[in-house]
Amino acid sequence: MVATCSNAALAVCPLEQKESHDGAAVNKMIGEQEETSFRLASFASGCLGTASPQLAGSKLGLMGSATEEEFGHILRHLETLALQRAQKLSGVAAADATAGDKGGSALVDAGGASCTSCSKAFQTALCDACGQPNGDASTIFARLPRDVHGRADMLRVFGMAESTTPSSGAVSDMPGNHGVLADFVERPLDLPQVHEAARLDAEQDLHDRDISEASWVNDLVAVNTIRAALVHSASCSGHSTPRASIISALSRRCSSRRPALAKSALLALAELATADGGTTASTAASEWPVAAEDAFAGCIGAIRGTKVVARLAETSLAVVSKRVARDASYPAAADALVGCVAAEVNISAPQPPVVALGLRALSTLAQTLNSSTEEGAETSAAGIRVLCERVLQSRRLSPAFSDARSVLRALQGPQEQKERKHSDPLACRGATCANPPHKLGRAPWQSAALAAA
């Protein structure tokens with residue numbers, strides 16, 4: 001009997017050893033994540049001079065989890081804030097403003113947005129502080145704790161999870177959500193199917209609810225519910241064309257400080273614009289022209305967000321402008337877009353990236369207006385020219401000059417471009433030039449001196 005028990009115990013030993021080994025590996029990984037999180041939060045707190053990691057996270061504007069690309073933006077933002085603090089403490093910020101501009105220009109890409117890469121010195125200091133002397137930002141990112149979606153849980157890293165992470169109760173309070181995720185979902189097909197009643201409730205809530213920081217989770221759930229109902233419209237009876245009020249409500253969420261809500265709202269606008277793009281029903285054609293200015297303003301305003309949000313804003317703006325031009329007309333779409341861009345140009349401190357985004361969308365419309373026979377095409381083209389001239393007259397908007405000139409070129413016809421190209425011939429061509437070219441690099445006074453000699 002004793003031998004039997006001993007043999008059974010010996011048979012179980014390998015399994016117990018395996019479980020013990022796996023448990024030790026998990027505990028080791030958790031320990032590494034906690035250590036890296038503590039080191040990173042302490043490093044950020046020291047760079048920003050805050051009393052706690054939570055205050056450092058607030059200064060960085062952390063609002064949720066981050067992908068590796070977004071983690072790079074956070075580190076770049078941390079370096080910028082640390083440099084500004086050092087300049088302020090040393091008292092050289094005002095005196096070296098010009099030098100700071102020159103030094104910062106290398107950290108800006110061609111589109112006017114900040115690059116995600118940190119300087120070599122900052123990255124070295126960061127890796128040393130995090131216990132990875134020979135690593136980089138990717139190495140640190142791989143050692144951070146993850147959320148359920150596999151992204152770095154930045155709120156947990158900085159000890160902010162208890163106060164800012166939305167609770168599951170807030171998600172379940174939305175009637176009929178049927179498991180709609182309260183997070184950014186890029187592919188609408190990944191969203192679960194919802195009933196028609198849930199869609200109607202979400203639209204009503206989104207339309208009636210005021211925009212506030214406290215309700216961003218409910219807004220995100222409502223937006224994802226609308227997207228889910230749209231992509232699974234075949235299973236929803238009586239799916240109607242989106243109303244102009246819903247389009248306006250989504251547009252107001254595009255400029256949210258919460259990246260998840262802003263990205264979801266931008267995708268919802270683009271998906272609504274392409275949902276029934278093959279139809280020309282009168283009910284659908286009357287919705288987008290009414291909400292065109294709100295949709296344009298929402299997409300253009302979203303450029304102030306993160307770099308990922310800015311890319312989605314440009315894509316959504318192009319889709320929405322095509323839909324408005326199709327339902328109304330190209331002149332009507334151009335007039336609405338000109339009004340939105342002009343509103344930004346008229347303020348005391350216009351932002352060049354915002355204006356440049358609107359001008360790039362106008363460039364596409366201008367190419368069609370140039371050859372359009374629709375009523376109001378010439379008036380719209382004249383309004384675009386006036387807007388571009390005003391942009392070119394503002395030195396503050398110099399980063400948008402190339403986009404303004406591109407729009408003006410798009411408004412020119414082929415014949416006009418040909419005439420403009422040959423209107424300024426090359427100077428100094430043979431005997432027709434008032435000052436003929438010098439031979440062998442000899443100046444006129446040299447030729448006169450040689451003749452006198």
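The model is predicted, so to speak of local features a pLDDT of at least 70 is needed, side-chain atom pairs count only at pLDDT 80 or more, and totals for chains, interfaces and linings use all residues. Residues are numbered from 1 along each chain as its sequence is written, and side-chain values use heavy atoms, with hydrogens and water left out.

Let us begin with the whole. The protein chain has 22 helices and 0 strands; helices (H or I, at least four residues) and strands (E, at least two) are DSSP runs, numbered from the N terminus. Of its 453 residues, 39% count as buried, where buried means under 20% relative accessible area with a 1.4 Å probe, protein chains only.

Now look inside. The largest nonpolar core has 76 residues, and W288, F296, L359, L362, I384 and V391 have the most contacts within it. Such a core is a set of buried Ala, Val, Leu, Ile, Met, Phe, Trp, Tyr and Cys residues joined through side-chain atoms within 4.5 Å. Apart from it lies another core, of 29 residues, including A56 and M160. In soluble globular proteins, nonpolar side chains tend to be buried together.

Finally, visit helix 12, which spans residues 244–253 and has 8 of its 10 residues buried. Among those buried are I246, I247, L250 and R253. The buried residues of helix 12 pack against helix 10 (196–208), helix 11 (216–231), helix 13 (259–275) and helix 15 (292–301), with contact meaning heavy atoms within 4.5 Å.

Notes:
Buried means under 20% relative accessible area, exposed over 50%, partly exposed in between (1.4 Å probe, protein chains only).
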